[in-house]
Amino acid sequence: MIYHNTLEFAESLDAQDELRHFRHEFLIPQHNGEDAIYLCGNSLGLQPKSTEKYLGTQLNAWKDLAVEGWFQGDDPWLQFHHQLKQPLANLTGAKPDEVTVMNSLTVNLHLLLVSFYQPTNKRYKVLMEGGAFPSDQYAIESQVNYHGYQAEDAIVEVFPREGEHTLRTEDIISVIEQNADELTLVLFAGVNYYTGQVFDMEAIANAGHKAGAYVGFDLAHAVGNVPLELHNWDADFACWCSYKYMNSGPGGISGVFVHEKHFNNPDLKRFAGWWGYRPDKRFLMAPGFKAAHGAEGWQVSTSPILLMAAHKAALDIFEKAGGLMELRQKSVLLTGYLEYLIHEINHKYGEELFTIITPSDPNIRGCQLSVICKRNGKATFNYLAKNGVIGDWREPDVIRLSPVPLYNSFKDVYKAASYLDMSLVVSE
Ligand SMILES: Cc1ncc(COP(=O)(O)O)c(C=O)c1O
């Protein structure tokens, strides 16, 4: 696509965009009586207008049926989560029985590590991307300590080469190979939260397995953003949150994937609870845990129906959009347009005032661009915010901007870049 730096061009792309009506399914925050330019779906996705209705339906079921809501009504709560499986399988490239929803992300990571991090004195090391999201670092550190190992010894991190911001797949594979004898787990993000880089999950899974390790992914920044093929890539497990690109509300319910090859794997320990028990026998309240089939066997506690209802509202929008295929095409164009406009600003000033550290290859990025500000980064960010452009700031000098194909327009991107340009004059 040949882009142009004009409002008319942005509006013409919007006019041709067959997904543009999806924007009207969302509540856009207001700024001075107009729609804000919300580019922060990497942190918290917008609220679908339908969420209130989906929640209202469950509140009414609670009001009218009370405890009978578990068994009666249009959507008995006992099976409510079943409706989420197919849409989630579609977004993650899983089989429906390989996914379930429960708890929140870091809690699920810990629960999955109970199964997939069982170190021995010979194999106890975990390989991660350097600069992984802090919660993942803390989770792994605490798991390693819990098993009696030292983080400095047991956690191997792969960092970008000197002068580079993102990781090369060959470097990841080479570190896996170097540690093959002692590695028991490879845990990677699907998309790095800071740089927006999409990792080659298939290559990482292959290399990890060749080294004799389990391979899991934190997909917080990947699900609903980039296409995934968890089953075919042979990932052992994955988990994600639903509040970013899946628009399911602050602290929304998390999802997990367990590959079907592990459903009956007796070597996998797990922390059990009654909700992971075989559903046909759960209410016999018998001693001795018997796991439900599939990922559901990793559930622990009673379904949080209100969180699941908000999740269903959001997933139904993805289903209406036909999954991720067309959304991804639009996403590549939207983010490409933002990238082009940022390069235009640098060109205008004859200096790289904004350095995009996200890969320029659309195949290895999602919708997010992470931008290092050479001058007065915080002032630039504040100027954007004052003018209704909502992105987010990551220390020491990065602004993350994420045009989301479900609700952002090309005009949003054009206006955001215009404010970025104007910020240079104002923050001088
Ligand atoms: C990559 C990643 N992992 C983990 C988390 C933590 O998720 P939670 O607070 O829902 O456990 C986040 C939150 O933004 C994240 O971006």
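In helix α12, Thr380, Tyr383 and Leu384 meet Tyr419, Leu420, Ser423 and Val426 of helix α13; two residues are in contact if their C-beta atoms, placed from the backbone, lie within 7 Å. Helices here are DSSP runs of H or I with at least four residues, strands are runs of E with at least two, and both are numbered from the N terminus. The residues of this contact divide into 5 nonpolar, 2 polar and no charged. In that classification, Ala, Val, Leu, Ile, Met, Phe, Trp, Tyr, Cys and Pro count as nonpolar, Asp, Glu, Lys and Arg as charged, and the others, Gly among them, as polar.

Two remarks on the source are in order. The model is predicted: local features need pLDDT of at least 70, side-chain atom pairs count only at pLDDT 80 or more, and totals for chains, interfaces and linings use all residues. Residues are numbered from 1 along each chain as its sequence is written.

To return to the helices, the axes of α12 (residues 377-386) and α13 (residues 410-426) come within 9 Å and cross at roughly 125 degrees. Axes are lines fitted to C-alpha atoms, for helices over the stretch in contact, and angles run from 0 to 180 degrees between N-to-C directions. The pair α12 and α13 is therefore oblique; angles under 35 degrees count as roughly parallel, over 145 as roughly antiparallel, 65 to 115 as roughly perpendicular and the rest as oblique.

Helix α11 (residues 325-349) also packs with α13, at an angle of about 25 degrees and with the axes 9 Å apart. That makes α11 roughly parallel to α13. On the α11 side, the contact includes Leu334, Tyr337 and Leu338, while Phe410, Val413 and Asp421 are among the residues from α13. By class, this contact has 13 nonpolar, no polar and 1 charged residues.

I turn now to the sheet. An open sheet of 7 strands has the order β6-β12-β11-β10-β9-β7-β8, with mixed pairing; strands pair if DSSP finds at least two bridges between them. Strands β6 (99-102) and β8 (155-158) stand at the edges, each with a single partner strand, so one side of each is left without a neighbour in the sheet. From one strand to the next, the twist averages 20 degrees. Strands β10 (residues 214-218) and β11 (residues 237-240) run parallel and are joined by 3 bridges. Gly216 has Phe237 in β11 as its bridge partner.
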